[in-house]
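Trainee: I would like to learn how to read a protein model, one feature at a time. Could you take me through it?

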Amino acid sequence: MASHRKPRQRSLSGSTARTALTLVLAGAATATVFDGTGHAAPQPAPEQVRARVDRLYQEAEAATEKYDGAREQADAAGKRLRTLGDEAARGQARLNAARDALGSIAAEQYRNGGIDPTVQFLLSDDPRHYLEGAELAERAGARQTAAVAGVHRELRRLDQVRGAARTELASLRSRQAELRRHKKTINTKLDEARRLLARLTPPQRLAIGEDPAAGRASRSTAGARVALGAPGPDAAPAAGAPASRAAAAVAYAYQKLGSPYVWGATGPDAFDCSGLVQAAYRSAGIALPRTTYAQIGAGRRVSRSALRPGDLVFFYSGISHVGIYVGQGQMIHAPNPSAPVRLAPIDQMPFAGATRVA
């Protein structure tokens, strides 16, 4: 009699199950594509890229000012360390001389046998002559005491110098570590900005004011300086500029139009923003600090309405950017790695204050 039991269903083998799962996922993916929901992230609009790049440049410039400050401190620590090294060498020479003098006294005492003064008096044929000799010995003892004191004095002085040198060395190493951190931050920001800009076509970059060739502009081309607004070689100083060192600084800035931006650079062929300001006033005989946040305190604060050519104008809440005012609402500044030294309106960035140094 035939059995009425249902035939046993065969279980899926491992390979069969994987095949089925692959087909299901492929079908789901196909359906997603046809539904229009499976696509890559949209490319940001050029305006969004511009905003992000501007932010990256600002962050990189803030890090650049910190880098410049740390490098200035490192240079000062290195100079002090070298001075202390020279002082330590001179101290070691003085210590060696004091030790030699003490050694000479000890050798002389050894040659004289170190006989007790009372015994020498009793054995002397001429007590008067002995007494004269004893007086010399006493003076020799005083000389020995002074020599010992001199050795101790030079040892203490040398220890102090070496202690100061150790402190300066620790400071230098700390500043060098800080430099490495800021350099990494700067390069990271600039690399990201370059990647974002590389995604845009040349027309898109020009549309947002980003000239692909701007960073390679050279001040050696007179045509480039004229295009950027530089006056001719026979032009008078900017209207309103005093015939003084401020005018000389403005003239220097005009001469540098078209020079490339390089972070940490102070000229003569490339600059960052505070490096341009420092170089311009250095050419006029005025020494300014290296960083924006030190430069703003280097002169007398002036209001925006009272600006005169030669005044330093600062931007952003962190005082991370500076330019040289040249009149008519314009400044000359080193903007960022994508643009050379150029003329720009001062209302292009958030105004933070101004200083008159000449």
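**Reading the model**

Trainee: Is His333 buried or exposed?

Mentor: His333 is buried, with a relative accessible area of 2%. Buried means under 20% relative accessible area, exposed means over 50%, and partly exposed lies in between, using a 1.4 Å probe and protein chains only.

Mentor: Before we go on, residues are numbered from 1 along each chain as its sequence is written, and side-chain values use heavy atoms, with hydrogens and water left out. This is a predicted model, where local features need pLDDT of at least 70 and side-chain atom pairs count only at pLDDT 80 or more, while totals for chains, interfaces and linings use all residues.

Trainee: Where does His333 lie, and which side chain does it join in a polar contact?

Mentor: Helices (H or I, at least four residues) and strands (E, at least two) are DSSP runs, numbered from the N terminus. His333 lies in strand 4, which covers residues 330-333. Its side chain joins that of His321 in a polar contact of 2.8 Å. A polar contact is a pair of N or O atoms within 3.5 Å; within protein, one must be able to donate a hydrogen and the other to accept it, and residues adjacent in sequence count only if both atoms are side-chain atoms.

Mentor: Contact in general means heavy atoms within 4.5 Å. Leaving aside neighbours within four places in sequence, His333 is in contact with residues including Leu276, Val322, Pro340 and Met349.

Trainee: How many helices and strands does the protein have, and what share of its residues is buried?

Mentor: The protein has nine helices and six strands. Of its 358 residues, 34% count as buried. Among contacts between residues at least 6 apart in sequence, 69% join residues at least 24 apart.

Trainee: How many salt bridges are there?

Mentor: Here is the general idea: side chains of opposite charge can pair when their charged atoms come close. A salt bridge is a side-chain nitrogen of Lys or Arg within 4 Å of a carboxyl oxygen of Asp or Glu. The count comes to 12.

Mentor: One of them joins Arg52 and Glu192, whose closest N and O atoms are 3.1 Å apart. Arg52 sits in helix 2 (residues 46-111) and Glu192 in helix 4 (residues 127-198), so this pair ties together parts that are 140 residues apart in sequence. Arg52 is partly exposed, at 34% relative accessible area, and Glu192 is partly exposed too, at 26%.

Trainee: Which salt bridge does Asp272 form, and is Asp272 buried or exposed?

Mentor: Asp272 pairs with Arg290, at 3.0 Å from N to O. Asp272 is in the loop between helix 7 (245-255) and helix 8 (273-283), while Arg290 is in the loop between helix 8 and helix 9 (292-295), 18 residues apart. Both Asp272 and Arg290 are buried.

Mentor: Arg356 and Asp311 also meet in a salt bridge, at 2.9 Å from N to O. Arg356 lies in strand 6 (residues 351-356) and Asp311 in the loop between strand 1 (300-302) and strand 2 (312-315), so the pair ties together parts 45 residues apart in sequence. Arg356 and Asp311 are buried as well.

Trainee: Which residues have the most contacts inside the largest nonpolar core?

Mentor: In soluble globular proteins, nonpolar side chains tend to be buried together. A nonpolar core is a set of buried Ala, Val, Leu, Ile, Met, Phe, Trp, Tyr and Cys residues joined through side-chain atoms within 4.5 Å. The largest core has 48 residues, and Tyr281, Leu312 and Ile332 have the most contacts inside it. Helix 2 gives the most to this core, with 10 residues.

Mentor: Apart from it lies another core, of 11 residues, among them Leu307 and Phe315.
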